[in-house]
Each structure stands twice: as structure tokens, then as C-alpha cells.
Amino acid sequence: MIERTLVLVKPDGVSRMLVGEIVTRFEKVGLKIVGMKMFWVDKDFAKKHYKAHVGKPFFPGLEKNITEGPVVAMVLEGVHAVEIVRKMVGTTEPKSSAPGTIRGDYAHVSYKYADAKGVAMKNLIHASGNLEEANEEIALWFVDKELHSYKTVHDVHITYE
Ligand code: CDP
Ligand code: MG
């Protein structure tokens, strides 16, 4: 049940200087950072990371957004980490993301507005959608020696290690 998942603070989140705020939220629930780096995605890499979306109408805008500045990539580990992180991130559309979620607290744009403007929605953060996607994305973003196993105080209270 201990899972690892990939999180990206996307270029809009880095540019808005929300990296610390976002990382703090994950630390506070006891998710362990087992890998972290800053990386500037180019168009080729965008097509690898978002391979499921290549060819969709919003892909050109998504590619523009993800390549417009560096991202902060991290791998988080914890009990049901994939689902917990998605819950904390909120729904894809910030307009419908609940208050208390990252997208709901720090963004508010809608599909309708982004479509009318002819842009892709900026929603601050990426998180793997399921365990299979998480394993694939972690392998794409990190090599084994960039991922670390260590103890935190949360292992005593949350994962009972
Ligand atoms: O990021 P998430 O897994 O919640 O959503 P996705 O369906 O995997 O889409 C990836 C990203 O593409 C979203 O986070 C949005 O930034 C963008 N997107 C968009 O701009 N317009 C859509 N209709 C769908 C996705
Ligand atoms: Mg997704």
C-alpha cells in the first residue's frame, strides 16, 4: 500500500512562487519526498510526459504551458500516495476544484474561459492519475539513484515502520 507518485509544480506554479507552499502541504500530511529536481521541459519531453494527450485539441496549449519555464519535479511516497495526492491537488478544472485543494485554493480558471481564449488551462500542478501512470512517469523523470529511501518522523506515526 506504500506507493510512490510523481508531482510537478508546473511553470505557472514556479513563476507564481508557490513551490514552497505546495511542498509544505505534502510534507504536513506526512508524504515523504524521495526525489526532487528543477527541470525545463522541451517539446520532445512534453510529448513523452503527456503522450496520452498528444493530438487532443488542447495539446498545443498544454505543450506551450509546460515548456514556458522550469518545473519542480518530485516523487512523493506514502500510504495510497497516488490517491492522496490527487485528492490534495483537486479536479483538473480549478473552477470546480474544492476549497482546500491546491487547484481550488490557488487558481480559479474554467474550461470555458480557457477555450474562449484559445489557451490551455493553467492549474499549477501535475500529479499522476493512477499507480500505473505513476510508475511510468517516475521512470521517465527520475533515474534510480535520484530516488532515496530514508526514515522520517512520520514513519513512526503514519506508516508504523
Ligand atoms: O492534470 P490532470 O491529470 O488533472 O488532467 P489531464 O486530463 O491529464 O490533462 C492534463 C493537463 O492538460 C491539465 O492539467 C490541464 O492543464 C490541461 N487541460 C486543458 O487545458 N484543457 C482540457 N480540456 C484538458 C486538460
Ligand atoms: Mg492527467
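This is a predicted model: local features need pLDDT of at least 70, side-chain atom pairs count only at pLDDT 80 or more; totals for chains, interfaces and linings use all residues.
Residues are numbered from 1 along each chain as its sequence is written, and side-chain values use heavy atoms, with hydrogens and water left out.

Buried means under 20% relative accessible area, exposed over 50%, and partly exposed in between (1.4 Å probe, protein chains only). Helices (H or I, at least four residues) and strands (E, at least two) are DSSP runs, numbered from the N terminus. Among the buried residues of H4 are Phe-59, Leu-62 and Ile-66.

Now to the nonpolar cores. A nonpolar core is a set of buried Ala, Val, Leu, Ile, Met, Phe, Trp, Tyr and Cys residues joined through side-chain atoms within 4.5 Å. In the largest one, with 22 residues, Val-7, Phe-26, Leu-76, Val-85 and Ile-125 touch the most other members. Helix H5 (81–89) is one of the elements that each supply at least two residues of this core, and H5 gives the most, with 4 residues. A second, separate core of 18 residues includes Leu-8, Leu-62, Val-75 and Phe-142.

Charged side chains are worth a visit too. The whole structure holds 8 salt bridges, a salt bridge being a side-chain nitrogen of Lys or Arg within 4 Å of a carboxyl oxygen of Asp or Glu. Here are some of them:

| Salt bridge | N to O distance |
|---|---|
| Lys-32 and Glu-77 | 3.8 Å |
| Lys-32 and Asp-155 | 3.1 Å |
| Lys-51 and Glu-136 | 2.5 Å |

Arg-4, Lys-32, Glu-77 and Asp-155 are linked in a network of salt bridges. Lys-32 counts as buried at 9% relative accessibility, Glu-77 is buried at 17%, and Asp-155 counts as buried at 7%. Asp-155 lies in helix H9 (residues 154–157) and Lys-32 in strand S2, so their pair ties together parts that are 123 residues apart in sequence.

Definitions and conventions:
Chains are lettered from A and ligands numbered from 1 in the order in which they are written.
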